[in-house]
Amino acid sequence: MKIKNFTKIFLFVAVAALFSCGGSDDGSGGGATATSITVSGNSSSVFEGQSVTFSVVDNLGNNVTASSELKIGGAVISNPYTFSTIGNFEVTATNGSLSNSTTISVQAVPVPTAITLSTNNNSFWFDEGSAFFIVMDDLGNEVTGIATYSAEPGALTNPATFSSPGTYNVVATFTLPDNSTLTSNTLVIKAVESTHTTKVMVEDYTGTWCQYCPRLAYALEQAVAADSNIIPVAVHDDNDMPFPNVNSMLNTFGITGFPSGRVNRTINWNESTSQPVALLANRQNMGLAINSSLSGNTITAEVRVHYDLKADSQNRIVVYLLENGLVYPQVNFYNGDPSSPYYQQGNPIPDFVHDHTARITFTDVYGDNIPATDTGNTYTANYSVSVPASVQNSANLELVAFVVGPDNKVLNVQKADVGENKDFD
């Protein structure tokens with residue numbers, strides 16, 4: 001009987017022990033109590049006028065910032081806190097009976113001793129361009145928005161524009177907290193007036209065998225008569241006046257049928273006068289001059305390219321030698337068309353006069369590079385070439401020089417007879 005009661009007591013104790021909650025007094029577990037806190041700032045060193053955000057964590061890893069009080073010298077402070085004076089400040093956090101301190105060093109805001117002025121554009125058309133200025137101090141801070149700008153006419157806005165062409169010396173001024181000022185380096189800004197006439201080249205891809213080619217040749221004559229700033233070049237693909245580079249050009253410019261006109265090399269010509277005339281209004285940043293002479297069988301030529309504004313891409317120069325007054329029979333589809341100027345002129349027209357016929361180029365047919373260092377000044381190219389055997393009359397020779405961009409499009413062009421000094425215009 002006693003043994004049976006003992007067994008019951010043992011089982012009760014065992015079950016109670018199994019389902020009871022365990023615990024310890026080492027400070028860990030759900031019943032633990034924090035014994036310390038640590039306060040820290042997101043920065044221990046700041047400049048005067050900057051803020052610090054504080055965080056308080058107890059030794060159990062709990063963030064107790066919200067329930068903690070922060071003080072400096074006994075005065076409660078906010079979190080974050082902005083330091084308005086220079087010095088070392090002890091910040092104390094209190095959470096219940098626990099406290100901890102950290103030191104924040106506050107330094108004077110550094111004062112720059114120099115500023116540097118730069119611009120995105122130091123040369124532009126005075127009547128439509130502008131320059132945007134950037135100012136950096138020697139501490140690496142951009143102070144563009146709080147600097148002031150001036151040049152010879154007086155105060156400038158940013159971006160700056162100018163009402164008249166000229167070269168302007170621009171400086172920036174920055175006012176320091178003590179009202180002293182820093183003055184920047186001087187930037188030379190060129191507000192440029194265009195000095196060159198824009199001219200347009202039209203190339204006529206033609207051949208004496210081509211029955212429709214007289215139509216385009218006539219349209220080109222009409223365009224040139226309407227405006228002398230339209231400059232014609234006839235590129236022949238025939239046995240009478242073959243241009244050495246014609247096949248390469250046909251492939252490069254995608255020409256598959258004759259006649260075919262190209263304005264400024266890359267634009268399909270619709271055979272109207274208005275199309276090239278409209279392009280004459282486009283202002284170009286350069287112009288060309290040609291000065292040549294013929295001595296015996298040698299042509300000597302100097303071609304200059306003057307830039308009002310520096311080119312923003314690679315430029316190339318091409319120089320054609322053309323011959324006028326070549327007479328060859330021309331196949332004529334329009335012999336029976338009363339609306340055509342070639343009506344009843346014959347088919348072929350026996351004495352058709354071919355002008356502006358391309359003979360050779362003094363350069364690569366797609367242009368020789370103009371060095372980048374010269375595309376803001378005046379580039380000069382000199383040539384000495386023997387008169388080709390194909391030329392029939394040296395008195396009828398002319399030069400066409402033009403500048404192209406990376407896409408082969410003509411930017412500006414000039415024409416002069418061999419022996420003529422054609423200046424910039």
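The legends below describe close-up views of a predicted model.

Residues are numbered from 1 along each chain as its sequence is written. Local features need pLDDT of at least 70 and side-chain atom pairs pLDDT 80 or more, whereas totals for chains, interfaces and linings use all residues, and side-chain values rest on heavy atoms, without hydrogens and water.

**View 1. The largest nonpolar core contains 27 residues.** A nonpolar core is a set of buried Ala, Val, Leu, Ile, Met, Phe, Trp, Tyr and Cys residues joined through side-chain atoms within 4.5 Å; buried means under 20% relative accessible area, exposed over 50%, and partly exposed in between (1.4 Å probe, protein chains only). Val305 and Phe362 have the most contacts inside this core. Among the elements giving two or more residues to this core are β22 (286–295) and β23 (298–307); strands are DSSP runs of E with at least two residues, numbered from the N terminus. The largest share, five residues, comes from β23.

**View 2. Phe132 lies in the loop between β11 (123–125) and β12 (133–137).** Phe132 counts as partly exposed because its relative accessibility is 34%. Beyond its neighbours within four places in sequence, Phe132 is in contact (heavy atoms within 4.5 Å) with residues including Ser118, Thr144 and Pro159.

**View 3. Five strands form an open sheet of mixed pairing, in the order β2-β9-β8-β5-β6.** β2 (45–47) and β6 (75–76) stand at the edges with a single partner strand each, so one side of each has no neighbour in the sheet. Strands pair if DSSP finds at least two bridges between them; β5 (residues 69–72) and β8 (residues 87–95) pair in the antiparallel sense over four bridges. Lys71 stands opposite Thr92 in β8.
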